[in-house]
Structure formats: structure tokens, C-alpha cells
Amino acid sequence: MADLVCNDLSMTFRVPGSPLEVEALKNINFTLKKGELLSVLGPSGCGKTTLLNIIAGFLNPSGGEITLGDKSIEGPGVERGMVFQQGALFEWLPVAKNVDFGLRMKKTSEEESIALVEKWLDIVGLQGFGDTPTYQLSGGMQQRVALARCLVNDPDLILMDEPLGALDALTREKMQSLVLELWKETGKTIMIITHSVEEALLLGERLFVMAPRPGRIHKEYRLPFAERGLTKSLRDVKQDEDFAEVREEILSMIWNMEEEIMSGA
Amino acid sequence: MLDWISDNRAVIAAFLILLFGASFFIAIYIGLKQSALRAKDEVFGDPDRTKGGWYWALCGVSALMLVWFYYSWGMARAFFPTAANEFCQVAKVEEALSPITATLPIGSRYYKSTTLVTRNGAQLDDLQAGMPVAVFTASEMNTLNVIMDDTRELIAIFSNPEYQNEVSISEFEMVAAELDGLSERLRSGYDGYVPTAEALEQANWGTSKVEIPLLPETARGMMLDEVATEAAGISKQFLKLRNQSDEADELIAATRVKIDTIKAVNKSGSFAEDVLAERTAYVKAVERIFKRIDDGTILPAESLVGVNLAVVNLYDALDEAKGGLRTVEALFMPGDGIVKSRTQCTEQGPGRWLPKPTDVVGTFWTLGNPNLEAGGGYKGTVLLWWKWLPIASIVDFFIPDSLIDMLPGSYGSHDQDGQFVPNYKDNLLAFAQGEVYLGAIPMFDGHIWDSMFRVIVAMALGILVGVPLGIYMGVSRFFKSFFDPLIELYRPVPPLAWAPLILTIFGIQDDGKIFLLFMVAFAIMVISARTGASGTQLSKIRASHSLGASNGQILRYVILPNALPEILTGIRIAIGVCWGTLVAAEMLAGTTGVGFIENVARTVSDYELIWVTILIMGVLGLLFDLVMRYLISRLIPWRGKG
């Protein structure tokens, strides 16, 4: 029953040094049910990161209400885990200490946290890397650590801000599979912000395409590709005809939006 | 053993010089061979280029040591140990001749007489032009003009060889002949001269307080010494010689009468006070010039030609007598050579201000001797040793007496029997003042430790106070803005500008210096910790928030480690700056410390000691930096990789 409910959410920023206000988000309404996988796509400036930061509790919305389960969101919390584009790992700590950071903040007993860390390192495919300094890991491995660090806290909702944006194509595909696997195995609610249309289609049971000025949800899709990706290889899914159709549709939609922005400016 | 080493440092230096020379050339040989080996696969930008090679380091060190040995006259002393003694004898001759050469254009441009003639002539012109007409009568002015004209006439008479009488001429000829006699002696060689036993017992060059042994140690030196003694006699005789002329004597007598007449008028006449003062001053000035001329120190240039030639001849003979020494001087003793002053011979130029490497080691050895009775240490403090430190004195330092004052109750007073029984507060006060013996712990002692102690304590305080404040300034608007003006206002002031004030307030002992250094360390630590803390990536802080960390936990577990590289770099910089400031502060005031040693050495021109302290400071500074580099590589391996 830990649904994420977004009710008439809006966000305006003051432009520093001028009386102008920018409407980053306007009248956002949606409900994300427990266990759903949502990807959010849109041209730059459409407010998708702002939306994520509000859900994470880093920003206070200027209007509207947002609840997770029966609790209204009023700041960052353990029940909403974050995964950042660059990992945001603590480079002075080895892998295991990064993963159990949340547990240490909660003062979990040592045996318990050792077992948890081992379990999650296993799941993300980093068994035996516990003592490795994070700065010695590749970009993909660093993102695996970030995932494990987030999951070890057992959050209800996982928020990912372009988590695979800085990875090379091959690693990216592997990580996309990993995210799908984790989604299926843990049954967590996951929300992914991305700027890659293919990724949004693959990692979205639901997909929001957002539009700028003011930031709003332009169109919503329900897609079968995530389910398909659990049984088929992602490359095969991408070959499917309907995949290509939706991809082209969304691409031209975003293309038009960008054109509009350029001509408007 | 040590005495033997000290006495034979020239031999040891010779050995070392040969060693350095050999390693210099061997290193070049190896280096060139290595370069040839690599020439094939080395391309422009080969990363191995920057690694250098031990052989080039050896080559550089050897070259440096050889240059040091050369410029400090270490080579001269190593290979020509008696050269300085012989040069000292030469210097004795030159010193003995100096009264004669001073009157001749040797070592200067003009005859002394020429200088006298031009200077006095100019002064007479000035005096005559500035005669105060108001205070003299016309006839008096006339007399004064005659006196001055006669003085000019006197200069002319003394300058003219025709007026010099026979006696005077023959006297100067005699001096020239005696000088020629000395030249002949110098040219006839030094066979048969034997140095005295006393001379042979003198300490070697540079091994005792007497820099260069004074008595001649060689046959050549004996001869030179003898010539010097005789030359001194001739100089004495020469100094008594005056220009004598009958014409001049007449004119002098007549002029003296005129001056006396005017002086008599001054004395007897009833002049107003200011008029009298002006008259007396003017007459005195006229008489002064006259008296400078009348003693016959002006000589015709022609009369000195003979003496001049004789002295030039003597110098030539001296040069010939030096023989091989001339080469030694030209090649191995850069600078002004050896000069004799009244009581001793001294090295001039780099030989004076650049101590020889072996002497530096010797000075360091003496300084480092922990036995003060045996002449070790400096000004009653050892260089670096250990001592028993009473724990009570640490207690005294850390517990302020005022803390005891604040306790309830009052201190005891004497009773009716004239006895004083201390109560608990008195006992606590004695404890706080370090009067209760609590045992002792071994502790470092000495000038070096005192300097290091000041830096270490100041750094510790600076880190303890500066890092937390800096971190808060990095994350909080209030701390940043509240403290920023204070710190940025005092920080740009050079620490030494604070020194006079701080030393006055806190005293010249450790307290004042530690506070001064604390000010330096504090500012640097605050700024580095602030930079480190404010540079924490937002995503890291957000991630920590999402992982359930509280603000305090983020400060402790995220922002502090994130600032650690900057903090450690700050410590490294602060130690360097503190070290520099400390030495300067110790030079300003104090009784111990490395800077203190250098300051005292400066006032007594002890160049060896100055160099030793400079070397100590350099090595200690390097040591501090090496420790910090090691700590940085151990504590923050992730630096630059995050």
C-alpha cells in the first residue's frame, strides 16, 4: 500500500536578480502503484530532475501535495533511495563501507550489516569486492555499488537520476538488464529519469513524456517492453516492430518540442 | 681521535675532494653511457625522462661540494696547508710598508701631496671669497688676504724641488736606498732561514680560534717576516721626514707674526660678543689651513720619485719571493687574499664568509655535543638532547591558578603561634603551580627541540581550533559571514608585523612565539578546511540524506573526510610558513632556538655558525615536509582519483 501519489504538484523558481518567475512544474498529477516501474523522458528544461528532487525531498514544492503511502513527503528519507548519475560514492571508504553507510547511520548491529552487505554485493555482482577502494572501480561497477548502497536500506521507492548516463554502450546494456532483474526480484517501485528514448522504453512499464514551459506531463504510455526484457535479451526487444514504432513516435514528439523551444527563444 | 680528526681536517678535506672529483667524472661517464643506451628508444615526451637518475644526482652533489670546497678556499687549505701562513708573512710586509705607500700613487691614484695641494687650494679660495667684511677693518682685511696669499705661496715653495734643501733631499734618498736593500734581500733567497720551534708548535690553519698561524712556519716565511720587521723600521723613519726649505722657513715665520697680531687684536679689543665670535672663527679657519701647510707634509713630486721606484721595486721583489705561491693564490684563493690587521691575519672574500665544509662539520659537532661543561651546546643550551622533565611543570602549564581561585572557600592565613597550616585550597594551589613533585618523564631538550616544540604546539592548537571553524564556515552562512571579515583582516598582515606586538603582550618566551605561530597556522587551517568543506559535492550530501544520515552525521562522516585532502595540504603549507616565521621571531627575541643561535652568530660575525644554523633549518624544514608527504600519501590515497 506504499503508493506514490502526486496531487496537483507545481514548482516555480525565482530567477536570481530579476522579478521573473519560471514555472518548472505545473499541475502534475499521477499515482505510482507499489511495484511499478516508471521512466520519465523529456527535452532538457522540462523539469524532470526537479520532479525527482521534490519526490526525494531535496526541494519543497510551491504548490500541491505529494505522499508516499500514508505519509506526506517533507524532506529526504530512507524510504526513498537515490541513485545519482555519477554514483556520488564516498571515495575515502572501501566498497563495503559505502554499501553499509546507511546501516551505520542507523546503528545497525555489525553481524546484521555484514550479512546484508554480502547479500547485496552478491546480487549486484560485486562479490569479493568489499575491501576494494571505490576509486579503483570502473564506472559500471561504481553504479552497482551505488545501487547496492541504496537497496541495502530497503527503501519503498527507488529514484534514479540518469543512473546510466555516464556509461559506455555495452556497460549500459548490462546495467539495464540488472535494473530490470532487481525490479523483478525485489518488487520495488522504481522511478527512472533518463534522456535516452530507448532506455526509457526498455526500463518503463509506464512512461511519462514531459514537456517544458511550464513543465508538465505531455503524454503517458503503458509499455510491454520491460516485461518482455525480463525473458528476452534487450537487444532482441529493441528489434521488435512495435518497439521501433513507439520509439519513432516519441522521438518525433520530442523533436517537435525542441523545435518549438528554439523558435520560441 | 676527535682531536686528531680536527687537527688533520685539511688531510681529510684533500681525501674528500679527490673522492668528489672522482665521483663527478664517474657519474658523468655512467650518465653518458645510460643516455647512449636509451638514445635509440627514447622519443620526445618519453615519461621516463622525468625520473632522472641517481648518477646525475651524484654528479650534481659532487659538483656542488667541489664548488663549495673551491670557493671556501677548502682546496687551497687541503693541498697547500702552509700557504696561508706564508701569505700572512707577505701581508705583514705589505702592512709594514703601508705608511709609505699611502703617500705614493701605489694603491691610490694620486700622491698624497697632490691631494693636499688641491684640497687646501680650494679651501683657501672658498675662505677668501667668504670673508665677513662687516667685522674687519680695511687694513685687517688686507692683512688676512696677505696671509692667505702667503699660504698659497708656501704651497708653491713646498711643491718646487728647487727650494728643497740638500738635507731633506738626502733623507729621502736614504729611505729609497734602504728599501732597495730590502728588495735585494728578498731576491737573494731564503737559504739558511729556519723557523723557530715556537712557530712550528702553532695550531694548523683554521683548526683553532686563531684562523691563520701568525709566526712564520717556513724558511721563506722567516725571511719575509724579517723583511717585514725591517720595513716597519723604515716606515717609522719615513713618517718623521718633512720637506725642509729655507725660503719656506722665512715665509712661515713672517706669516705667523701676522696671524698672532690679528689674534692679539681679537683678544684685547672690545668687540660686541657676536662680532668677536665671527672674527675669532674666521681667523681660526685661516690659521688652520696655514698650520696644515707649515709642517712640510707637502713634497715636490720629483722628490718622491726615488722612493716610489724603490717601493715598486720592493713589490716586484716580493712577488718574485712568493714564487709558486702566486699560482696558488690565483687558482685556489678567489677573493682578496689574506690581509694582516694589527694582531692577526684573516682570509678575505669568500674564504671569510663561506666556511669550509669540514669546518662546518666541526662546528656542528661542537654544537651538538650534549656536554655543556665540555664546551658543547650554545649559550648554555644543548643543540638536541634529552632531560628529565618534571610532570609538575606540565601541570603548571595546563592548570591556570585562577581556576583554584574560583573554588569555594578562601586561602589559609597564619595562626596566633606564627604558624601557617595550609588548607585544601592552599594545597591545590601548590599543585596547580607545579610545586608538588609528581615524578618526571624523559623529554627532548635543546635549541632544535625548542624550535620544533613551538611549531608543533602552535600547529596542534591551530588545527584543533581552525579545522572545526573552517568546516562550519564551509557549510554555514552564519559562520562564513561572521568570521570571514575577522580572519581576512588579520591574515594578510605579515606575521612578523604582528611579532613586536604579540611578543610585548605574551612575553618573549614560548607563550609569545606559540601564539604568533598559532595565528599563522589558524588562518591557514581555517581557509583550507573551509575550502575542503564547501567543495563537497551536492550529490554526496543528498545521497547521505537519502541514506538516513542526520546533519551531524553528514558533517562527521561526509564533509570532514571530503575536506581531508585540503586540510592536510593546509597543514603542510602551515608548517612551512610557521617554520619560517618562527626563526624570524626567534631572531627578534628569546634565549633559545635555532633562530636565536643565528642571531647571536650574526652579531659576532661567526659565519661558520650562521651557515650551520642555515643548514639545520633547511634540513628540519625538509624533514617536516617529508613527514607530511608520507602522511598525505598514507591518509588520502584517493586524492585526485574520486
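**Figure 1. In chain B, 78% of the contacts between residues at least 6 apart in sequence join residues at least 24 apart.** Contact here means that the C-beta atoms of two residues, placed from the backbone, lie within 7 Å. This is a predicted model, so to speak plainly about the cut-offs: local features need pLDDT of at least 70, side-chain atom pairs count only at pLDDT 80 or more, and totals for chains, interfaces and linings use all residues. Residues are numbered from 1 along each chain as its sequence is written, while chains are lettered from A and ligands numbered from 1 in the order in which they are written. Chain B has 27 helices and 4 strands; helices (H or I, at least four residues) and strands (E, at least two) are DSSP runs, numbered from the N terminus. Its radius of gyration is 39 Å, whereas a compact globule of 642 residues would be near 26 Å. That radius is taken over C-alpha atoms, and the globule rule is 2.2 Å times the number of residues to the power 0.38. Along the principal axes, the C-alpha trace of chain B spans about 115 × 85 × 70 Å. Buried residues make up 32% of the 642 in chain B; a residue is buried if 20 or more other C-beta atoms lie within 10 Å of its own, exposed if 12 or fewer, and partly exposed in between, with C-beta atoms placed from the backbone.

**Figure 2. Chain A holds 10 helices and 10 strands.** The radius of gyration of chain A is 19 Å, close to the 18 Å from the globule rule for 265 residues, so chain A is as compact as a globular protein of that length. The C-alpha atoms fill a box of roughly 55 × 45 × 35 Å along the principal axes. Of the 265 residues in chain A, 43% are buried. Contacts in chain A with a separation of 6 or more are 69% between residues 24 or more positions apart.

**Figure 3. Where chain A touches chain B, 21 residues of chain A are in contact with 17 of chain B.** On the chain A side, β6 (80-83) and α3 (101-105) each supply at least two residues. By class, that side of chain A has 13 nonpolar, 4 polar and 4 charged residues. Ala, Val, Leu, Ile, Met, Phe, Trp, Tyr, Cys and Pro count as nonpolar, Asp, Glu, Lys and Arg as charged, and the others, Gly among them, as polar.

**Figure 4. Helices α11 (residues 246-268) and α12 (residues 273-294) of chain B have axes that come within 10 Å and cross at roughly 165 degrees.** That angle makes α11(B) roughly antiparallel to α12(B). For the bookkeeping, axes are lines fitted to C-alpha atoms, for helices over the stretch in contact, and angles run from 0 to 180 degrees between N-to-C directions. Angles under 35 degrees count as roughly parallel, over 145 as roughly antiparallel, 65 to 115 as roughly perpendicular and the rest as oblique. The crossing of α11(B) past α12(B) is left-handed, meaning that the near helix is turned anticlockwise from the far one by less than a right angle, with clockwise counting as right-handed. On the α11(B) side, B:Ile252, B:Thr255, B:Ile259, B:Ile262, B:Lys263 and B:Asn266 meet B:Leu276, B:Arg279, B:Thr280, B:Val283, B:Glu287, B:Phe290 and B:Asp294 of α12(B). That contact comes to 6 nonpolar, 3 polar and 4 charged residues.

**Figure 5. Helices α20 (residues 447-475) and α23 (residues 510-534) of chain B have axes that come within 6 Å and cross at roughly 30 degrees.** Here α20(B) passes α23(B) in a right-handed crossing. The contact divides into 22 nonpolar, 7 polar and 4 charged residues.

**Figure 6. A:Lys107 and A:Glu162 both carry a positive phi.** Most residues other than glycine have a negative phi. For A:Lys107, phi is near 60 degrees. A:Lys107 lies in the loop between α3 and α4 of chain A and is exposed, with 7 other C-beta atoms within 10 Å. For A:Glu162, phi is about 45 degrees. A:Glu162 sits in the loop between β7 (157-161) and α6 (169-186) of chain A and is partly exposed, with 19 other C-beta atoms within 10 Å.

**Figure 7. A:Ile114 is placed in helix α4 (residues 110-123) of chain A.** With 15 other C-beta atoms within 10 Å, A:Ile114 is partly exposed. A:Phe90 is 24 residues from A:Ile114 in sequence and 18 Å away in space, C-alpha to C-alpha.

**Figure 8. B:Gly418 belongs to the loop between α18 (401-405) and α19 (424-432) of chain B.** B:Gly418 is exposed, with 6 other C-beta atoms within 10 Å. B:Ser633 is 215 residues from B:Gly418 along the chain, and their C-alpha atoms are separated by 67 Å.
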